[in-house]
Amino acid sequence: VEELIEHGHRRIGFLAGRPDLRSAQLREQGYRDALRGAAAWRPVLLGHTTDDQAETVLLGLGRGSGPRSIAGMRPHDPPWHRPLLGVRRETTRAACDELELTPWQDPHNDERRFTRVRLRHEVLPLLEDVLKETYGVALYQEQVMQIASESITNENLLQLGKRVAELADSKDVDGIVITHGTDTLEETAYFLTLVEHTEKPIVVVGSMRPGTAMSADGMLNLYNAVAVAGDKSARGKGVLITMNDEILSGRDASKMVNIKTEAFKSPWGPLGMVVEGKSYWFRAPVKRHTVNSEFDIKQISALAPVEIAYSYGNVSDTAYKALAQAGAKAIIHAGTGNGSVPARVVPTLQELRKQGVQIIRSSHVNAGGFVLRNAEQPDDKNDWIVAHDLNPQKARILAAVAMTKTQDSKELQRIFWEY
């Protein structure tokens with residue numbers, strides 16, 4: 001706000017958004033009225049807080065997992081600007097009291113026929129009450145970033161990972177829940193599994209159905225995620241995914257289908273179930289993760305450039321050459337079956353390896369591939385790496401993290417066996 005004022009903008013006051021989609025036209029009209037009261041070059045400042053953003057994200061989670069379903073409100077969407085998205089509602093009220101200001105209270109905020117109002121007065125208090133009663137913890141919400149999950153970059157992963165690490169280090173935090181679009185949820189979950197040094201539960205959650213659908217899954221998935229994150233029995237089990245009543249490992253769970261609530265599956269089965277807010281465990285992860293990982297988000301400033309080339313019948317070597325020319329330090333070969341490499345592509349991969357590019361054989365088999373070393377190809381002779389049971393996208397994540405510490409192919413293969 002101070003920066004806007006320094007550039008000559010005049011403060012024109014704050015507007016509180018009217019809740020719920022059914023009042024969208026009234027809200028938009030209010031915004032337009034405010035805009036007409038100011039010159040075109042002046043911003044309209046909206047008083048949405050961190051709490052409003054949390055409610056917006058929860059509403060989006062209930063509506064489904066589309067590109068913007070849980071993205072939240074934009075801090076800057078000219079002419080609208082929301083300078084208070086990083087401030088709690090109670091802080092703004094305290095500031096008004098101290099400044100002897102009387103803020104306008106939107107009467108719609110008490111109308112329980114609106115979904116947002118019911119969320120504020122029913123869902124959030126219910127989550128807090130259940131957690132306090134069962135686990136003795138309370139809820140705090142914040143927005144780390146606003147982006148559709150298919151557009152997440154390596155830089156976004158690092159930003160999220162560092163913020164999660166800060167929260168995990170806080171003695172006031174017992175567990176962390178991350179709402180996430182489902183397109184790349186599995187990649188974020190595995191990344192956090194590799195780089196977060198904490199025993200505290202970290203749970204990544206999304207939804208598959210919109211809130212308008214029969215049996216919408218968003219709210220229950222969120223409820224289960226919060227319950228698991230607040231459960232001491234979830235400590236030390238790595239990063240988790242809670243979807244469709246199942247507790248899945250962030251390491252090996254993937255989105256197997258895009259139209260069902262049971263979209264996320266692990267080839268090795270779930271770790272447990274959530275039944276009426278209580279966690280029941282049936283197995284534990286044995287691969288290295290979180291506190292046992294040799295990778296630490298606090299020591300990582302950039303991820304290695306790793307790309308994926310998809311193999312199929314009649315595939316050429318064009319993609320592999322282009323990715324290497326563009327600067328890839330490693331290429332994940334998303335092969336058929338046992339990470340098979342077509343004969344016409346083998347010479348190119350051998351040559352790229354001689355040039356210093358790491359070649360990692362993975363399998364794009366949908367229900368879970370398992371690549372055996374030296375089975376389809378002489379990996380020892382070619383100095384290639386196999387991705388073990390990791391699918392191509394998870395293999396990319398591990399390679400990008402591992403290559404921040406080593407470029408040695410034998411060390412990289414050890415890492416793929418252990419993680």
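The residues of the lining of the largest cavity divide into two nonpolar, five polar and four charged, where Ala, Val, Leu, Ile, Met, Phe, Trp, Tyr, Cys and Pro count as nonpolar, Asp, Glu, Lys and Arg as charged, and the others, Gly among them, as polar. The model is predicted, with local features requiring pLDDT of at least 70 and side-chain atom pairs counted only at pLDDT 80 or more, whereas totals for chains, interfaces and linings use all residues. Residues are numbered from 1 along each chain as its sequence is written, and side-chain values use heavy atoms, with hydrogens and water left out.

The lining of this largest cavity is made up of Thr193, Lys237, Gly238, Val239, Ser249, Gly250, Arg251, Pro285, Lys287, Arg288 and His289; a cavity is here a set of points, on a 1 Å grid over the protein atoms alone, where a 1.4 Å probe fits but cannot get out, and lining residues have an atom within 4 Å of a point. The volume of the largest cavity is about 50 Å³, a volume being the space filled by probe spheres set on the points, which are joined across faces, edges and corners. Two cavities of 30 Å³ or more are counted.

Val239, one of the lining residues, also belongs to strand β7 (residues 239-243), in which five of five residues are buried, that is, under 20% relative accessible area with a 1.4 Å probe and protein chains only. Strands (E, at least two residues) and helices (H or I, at least four) are DSSP runs numbered from the N terminus. From β7, Val239, Ile241 and Met243 point one way, while Leu240 and Thr242 point the other way.

Strand β7 pairs with β6 (residues 202-205) in the parallel sense over three bridges, two strands being paired if DSSP finds at least two bridges between them, and Ile202 stands opposite Val239. With strand β8 (residues 246-249), β7 runs antiparallel and is joined by four bridges, Met243 having Glu246 as its bridge partner. The two strands form a hairpin with two residues between them, and Asn244 in the turn has a positive phi of about 55°.

Elsewhere, four strands form an open sheet with parallel pairing in the order β13-β14-β15-β16. Its edge strands, each pairing on one side only, are β13 (306-310) and β16 (385-386). Five bridges in the parallel sense link β13 to β14 (residues 330-335), and Glu307 stands opposite Ile331 in β14. Helix α9 (residues 318-325) packs on the sheet, touching β13 and β14, and its direction makes about 170° with that of β13; contact means heavy atoms within 4.5 Å, and angles run from 0 to 180 degrees between N-to-C directions of axes fitted to C-alpha atoms, for helices over the stretch in contact.

Terms used
Buried < 20%, exposed > 50% of the residue type's maximum accessible area, 1.4 Å probe, protein only. 1 Å grid on protein atoms, 1.4 Å probe; cavity = no way out; pocket = protein on both sides within 12 Å on 5 of 7 lines; lining within 4 Å.
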